[in-house]
Amino acid sequence: MIRRLPHPGIAATTAAMVAVALAVPRVVDEFELLQLTVFAALCILALSLGVVWGYGGILCFGQSAFFGLGAYAYAVTAINLGESTGAVVLAVVVPALFAASLGYFMFYGRLSDVYLGVITLSVTLIFFNLMNSTAGDAYRIGKARLNGFNGMPSLPTLNLPGDPGRVLDPTEMFYLVMALLVIVYLGLHALMASHFGRVVIAIRENETRCELLGYDVRLHKLLIFTLGGGIAGLAGCLFANWGAFVSPTVFSLAMTSQIIIWVIVGGLGTLLGPIIGCLIMQYLTTMFGTQQIANTNLIFGVIFLVFVLLVPRGLVPTLARLGARAFGPPRARDVT
Amino acid sequence: MDLAAILVIEVLSGIAGLALISIGLAVIFGMMRVINLAHGEFLMLGGYAAIVATNHGVNIWIAMLVVAPLVVGVIGMIAERAIIRFLYGRMIDTLLATWGLSLFFIGLVTTIFGTSVAGIRAPLGSVAIGRYSISVYRLVLIVVAAAILAVIFVVLRRTRLGLIARGTMENPDMAAALGVSPPRVYAMTFGIGAALSGLAGGLLAPISGVLPTVGAAYVAKAFITVISGGTAILAGTAAAAGLFGSVNQLLTYFTTPVIGEAGLLAAAILLLRVLPHGITGRWFRGSL
Amino acid sequence: MTGAVLETVDLSKRFGGVEAVRSVNFALAERELRCLIGPNGAGKSTLFKLLTGQLRPTAGRILFQGHDITGDHTHAIARRGIGIKTQVPSLFNALTVREHLWLSARRTNPAGRAREIVDETLERIGLTGRADAVVGQLSHGLRQWVELGTVLAGNPTLILLDEPAAGMTHDEVARTAELVRDINRTHALIVVEHDMQFVKMIARTVTVMHQGAVLLEDSMDRILKDSTVRDVYLGKHGGR
């Protein structure tokens with residue numbers, strides 16, 4: 001595109017993230033450090049849907065499928081290999097391959113919005129059901145027992161490549177996750193500013209016109225969808241490492257719904273938005289989770305209903321606009 | 001020979017199960033194009049309604065066939081009047097609202113009943129077929145599912161109510177010009193879709209037990225069945241349930257339930273690749 | 001016709017019982033400008049959609065520069081060098097004029113050359129001053145020109161225009177005619193149009209369609225004088 005200097009917003013956001021990464025381990029205790037680590041991992045997950053939906057215009061309601069696949073791929077591989085490097089690679093590759101196959105079926109079959117949403121939602125729910133029923137010794141991949149709804153505990157966590165004994169401590173994990181967050185954030189920006197990225201955005205705006213210009217729309221959608229799947233898988237790997245545990249809840253309706261909410265609250269069409277949305281919602285969930293007055297689901301349900309009803313213009317444009325005005329870029333189409 | 005009979009019954013009951021959990025969603029999605037993310041919760045509420053009624057002395061059949069659909073039907077109508085009707089045409093907002101409803105119902109039921117599994121036992125016991133025994137209740141489910149589809153067919157095709165409903169869905173303005181109140185029709189249709197789901201939930205309660213979160217187990221399959229079925233409510237649901245139920249049950253019988261589930265998903269994806277508008281997007285188009 | 005840029009051979013399209021396009025044999029020479037006119041229901045739009053790949057023919061063939069493109073996907077047809085402007089402007093509402101032209105030019109050119117083409121095209125269609133305007137906020141006439149420029153920036157061999165003057169003021173129509181004539185110096189064009197004023201401003205050879213078939217193909221003058229054409233436009237039965 002027209003060569004521009006990196007948007008000031010991008011530089012500022014990156015600087016903020018780096019500052020947080022450096023400062024946090026010094027000022028918070030271990031518990032909070034762990035909390036922030038998982039928040040950062042979930043931010044990476046938010047980015048994956050942010051780019052697929054916000055930029056690609058692909059209504060993926062099952063992003064948790066790739067998140068979960070990444071988590072499980074890591075778990076199974078790490079247990080079998082006893083070393084984490086290969087596990088991390090598979091945690092990205094397996095969901096990406098799955099996204100590629102699913103994407104092929106959906107985009108080359110020219111399925112539209114509603115159908116995409118429902119199919120992707122169904123995929124993650126089917127994984128949920130599937131993994132829940134894998135309890136028992138029979139269900140194992142190599143040395144790794146899947147354990148159904150109980151989940152897989154005591155996962156070997158990340159070690160320095162080649163040295164299985166040298167496991168990362170919480171501070172090092174935090175640095176790693178933050179570094180990955182910054183890399184993914186900047187990488188996606190660069191991608192969206194490239195020729196490929198501009199075409200993806202154009203497809204979101206008007207698929208027909210893109211085709212009329214000779215671009216292969218299906219291929220572009222497939223590629224961005226696959227990338228989103230890989231990034232979500234990476235987030236899943238980090239998530240599994242955070243708790244040294246993975247269970248079918250990574251595939252659940254609750255999980256996939258959260259990801260959607262992060263993107264909507266934060267702002268559909270920006271990269272910073274999903275990050276902010278994720279942080280806000282995670283903070284609220286933690287806050288509500290610790291109080292005993294009422295069930296979390298109940299509260300969130302009421303909040304959604306109240307919002308949807310009391311905001312006549314529609315929840316999405318208003319929140320997105322509020323989000324954009326507060327955290328986002330000056331122009332709707334710009335990238336932050 | 002008995003094996004064949006058992007297999008047939010297994011497959012039919014799998015199809016019946018799919019049809020039951022899908023028909024309510026098919027009515028709401030097929031007629032109103034509303035994606036109801038609270039569908040699983042309607043099933044769940046039906047299950048709880050049946051169980052609570054039974055535990056309070058109501059005859060189990062009345063609890064499942066009358067109380068459950070009534071309760072959930074009313075809940076559905078209230079939800080439509082209070083929330084959904086403001087959001088027609090706004091897909092994402094409808095999704096958020098029904099998702100909010102879903103969370104709300106889960107939270108509400110958890111608050112009232114706690115998270116433990118409630119249960120009632122399947123009535124009627126079992127019957128022997130050759131060397132195998134099979135729960136009579138499963139046979140009942142097959143019959144009931146078929147009966148429900150038949151009743152809906154008759155109502156839609158042969159009654160004035162059905163005609164009004166179909167007309168309003170096609171062209172609300174025209175219907176209004178003819179003196180029909182579209183809002184009323186929408187409320188009724190949503191209520192009936194909810195009632196059907198409640199009925200299914202009640203009927204399936206003895207088989208699966210109910211948790212506040214049991215909806216999630218049904219939602220995926222219901223959605224896949226409805227989308228694969230296509231625009232015709234009855235023909236589509238029947239065809240898709242038939243196809244997927246067979247694949248699922250046969251694979252489950254000969255291998256494992258896990259492969260059965262995976263087979264269902266694979267079948268659905270392949271089907272939608274070939275027939276993007278569902279089965280009745282291509283065949284039996286224009287049928288009910 | 002040898003050396004034809006575009007040629008259709010017995011092209012037909014049937015919708016159920018209706019034959020919207022009947023055995024059309026059509027040929028366009030290099031850098032020729034052809035207007036396609038006819039009353040409502042004549043089959044112009046259907047023929048247009050057959051050429052753009054938005055509809056598949058039930059019979060017959062379409063040849064572009066000698067290659068058979070019958071039944072090809074739209075984006076494949078576009079890639080072969082056919083630029084398409086649809087009846088209702090099909091644009092990227094959130095993007096700027098410059099970004100539209102850039103996307104078009106960048107597909108087949110490296111970044112540097114693409115930028116040059118964008119500037120040249122902006123000049124040619126007279127939108128240099130509006131280059132950074134967001135297209136969704138432009139008036140209808142401007143949007144039509146943006147679409148024209150977008151198509152042009154891809155340097156196609158043949159440009160298909162469906163009602164480029166629709167919804168325009170008289171001055172805008174004149175300007176569009178000027179643009180089309182200018183574009184015709186370097187590209188072949190097929191223009192489907194209803195607006196006879198516009199057609200008169202640009203036409204050389206005109207193809208008149210009626211009831212799915214080609215009624216007459218001749219210069220603008222002779223078409224205007226032809227009584228059969230007049231009858232057809234006035235609704236009298238006739239034609240072939």
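Student: What is A:Ala46 in contact with, leaving aside its neighbours within four places in sequence?
Tutor: A:Ala46 is in contact with A:Ile259, A:Trp262, A:Val263, A:Pro274, A:Ile275, A:Gly277 and A:Cys278. Two residues are in contact if their C-beta atoms, placed from the backbone, lie within 7 Å. This is a predicted model, where local features need pLDDT of at least 70, side-chain atom pairs count only at pLDDT 80 or more, and totals for chains, interfaces and linings use all residues. Residues are numbered from 1 along each chain as its sequence is written, while chains are lettered from A and ligands numbered from 1 in the order in which they are written.

Student: Which residues touch the most other members of the largest nonpolar core?
Tutor: A:Ala46 again, along with A:Ile44 and A:Ala235, in a core of 280 residues. A nonpolar core is a set of buried Ala, Val, Leu, Ile, Met, Phe, Trp, Tyr and Cys residues joined through C-beta atoms within 7 Å. Buried means that 20 or more other C-beta atoms lie within 10 Å of the residue's own, again placed from the backbone.

Student: And where does the largest share of this core come from?
Tutor: From helix H1 (residues 2-32) of chain B, which gives 16 residues. Helices are DSSP runs of H or I with at least four residues, strands are runs of E with at least two, and both are numbered from the N terminus.

Student: How many helices and strands are in chain A?
Tutor: Chain A has 13 helices and 2 strands. Of its 336 residues, 53% are buried.

Student: How do H6 and H7 of chain A cross?
Tutor: The axes of helix H6 (residues 170-193) and helix H7 (residues 195-205) of chain A come within 4 Å and cross at roughly 75°. Therefore H6(A) is roughly perpendicular to H7(A), a term for angles of 65 to 115 degrees. Axes are lines fitted to C-alpha atoms, for helices over the stretch in contact, and angles run from 0 to 180 degrees between N-to-C directions.

Student: Which residues meet there?
Tutor: A:Leu191, A:Met192 and A:Ala193 in H6(A) meet A:Phe196, A:Gly197 and A:Ile201 in H7(A).

Student: Changing topic, which chains share the most contacts?
Tutor: Chains A and B do, of the 2 pairs of chains in contact. Chain B and chain C do not touch, and their nearest C-alpha atoms are 15 Å apart.

Student: How many residues of chain C are in contact with chain A?
Tutor: 17 residues of chain C are in contact with 18 residues of chain A. On the chain C side, helix H2 (74-79) and helix H3 (97-106) are the elements giving two or more residues.

Methods. A residue is buried if 20 or more other C-beta atoms lie within 10 Å of its own, exposed if 12 or fewer, and partly exposed in between; C-beta atoms are placed from the backbone. Angles under 35 degrees count as roughly parallel, over 145 as roughly antiparallel, 65 to 115 as roughly perpendicular and the rest as oblique.
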